[in-house]
Amino acid sequence: MEKLFKLKQNGTTVGREVIAGLTTFFAMAYIIAVNPSLLSQSGMEWGAVFLATIISAIIGTLIMGLVANVPYAQAPGMGLNAFFVYTVCFTLGFTWQQALSMVFICGLINIIVTVTKVRKYIIKAIPRSLQNAIGGGIGIFVAYIGLLNVGIINFDGGVPALATLDQKSFWLFLIGLALTIILLVCKVKGAILIGIIATTLLGIPMEVTARTETISFVEACQQLPSTFGAIFTSEGLVSLFSDASKIPLVLVTIFSFSLSDTFDTIGTFIGTGRRTGIFSDEDERAMETTPGFKSKMDKALFADATATSIGAIFGTSNTTTYVESAAGIGAGGRTGLTSVVVALCFAVSAFLATFVSAIPFAATAPALIVVGIMMMSSFKEIQWDDFDEAVPAFFAGVFMALCYSISYGIAAGFIFYCISKICKKQIKEIHPILWIATALFILNFVLLAII
């Protein structure tokens, strides 16, 4: 165990990594039920997507843990699955087989971009002030996810407001939040995981924690062939490019998939890996001086890139590095052992879906909020009294939550960083890769507006 994961070198223990893995899994376990419920609206079999979700999460997370030795978990991403269904299938009129084919191609593009180390160079080109803003911004984003998941913030009448505390789930959430904060303030080991478990158990007498109806593992296995390899049939890749008039639209959609997937991952790695030392300056130097894929960042980026295509083959939308990994990192996870524990939990969940899905958002939301609070410490590194630095930092940090997208937050930060430097006649300080990335973001916004 020590030789494989280098626990002592990373200042951690087996117990701490196991707790971190369980914390990450419980924080993201909702995807097991949510993803098939969402993708099945496009015509896919619920059981097939259920298994595809779990299989892609297991494979992607194991690659992350065993190859890169970093504490990140992967699964089909929220936001990207909604784009898959509501934009690609419903609005643009593509079939789910064609949409899966686009996701597969997106994964191949990301693999090429990673192998050629373009993603690595993008990370290196981002100014330190923006990196700190991304870190703090992800903190706001993670906390916001928690608040939205539990529904304590509503948008009735189009205006965000605190919900009326007339539901048991709200009170369970508030109790869980207070308990988790108390445990952390008292420096209790495993505080976040204890908070999740205790809140879930308390939710039983409150009738908030309840098992959901799902199909059996055997039934899911019977449905999996309907999506597995569907992209290689006549309804998949072949039909995607059969109509020449639709090829420009296909390319634009793939571009949107790839851009969002790429920068979501970059933002997650920068936001969670820098402050905790998972990706250190030494690792950056190794990326520059060591040939091949030998640094942790290189391997982690490659693990993320391969997971998307693997997921598409089984039958799910983009598999990506989960921002909820921050919950496990906040609980002390520092090595790939955390990821291995998450993968094992996903494997078990295939047989215990009704129990895993019983964990209410009211129990996991407090964990995301306290982790968000921890991550916001990155903001202290920004010179807020320097308006030129504060403007792009503000947009990079705040837009992630307001737009519910890591990549859009990064886009806003890049655009205003370039504007600030242009106004100060410091164009030479803008890295060429930053120029290209900013132009691609603007192009993406324009194309999305057109289609």
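Q: How do H21 and H22 lie to each other?
A: H21 and H22 are oblique to each other, since the label covers angles that are not under 35 degrees (roughly parallel), over 145 (roughly antiparallel) or 65 to 115 (roughly perpendicular). This is a predicted model, where local features need pLDDT of at least 70 and side-chain atom pairs 80 or more, while totals for chains, interfaces and linings use all residues. Residues are numbered from 1 along each chain as its sequence is written, and side-chain values use heavy atoms, without hydrogens or water.

Q: What's the angle, and how far apart are the axes?
A: Helix H21 (residues 406–423) and helix H22 (residues 432–450) pack at about 120 degrees, with axes 9 Å apart (angles run from 0 to 180 degrees between N-to-C directions of lines fitted to C-alpha atoms; helices are DSSP runs of H or I, at least four residues).

Q: Which residues make the contact?
A: Among them are Tyr 408, Phe 414 and Cys 418 of H21, together with Trp 435, Phe 441 and Leu 448 of H22 (contact means heavy atoms within 4.5 Å). By class, the contact of H21 with H22 has 15 nonpolar, 2 polar and no charged residues.

Q: New topic: how many disulfides are there?
A: The search of the whole structure finds 0 disulfides (cysteine sulfur pairs within 2.5 Å).

Q: Where is the nearest cysteine sulfur to Cys 403?
A: It belongs to Cys 418, 18 Å away.

Conventions. Helices (H or I, at least four residues) and strands (E, at least two) are DSSP runs, numbered from the N terminus. Ala, Val, Leu, Ile, Met, Phe, Trp, Tyr, Cys and Pro count as nonpolar, Asp, Glu, Lys and Arg as charged, and the others, Gly among them, as polar.
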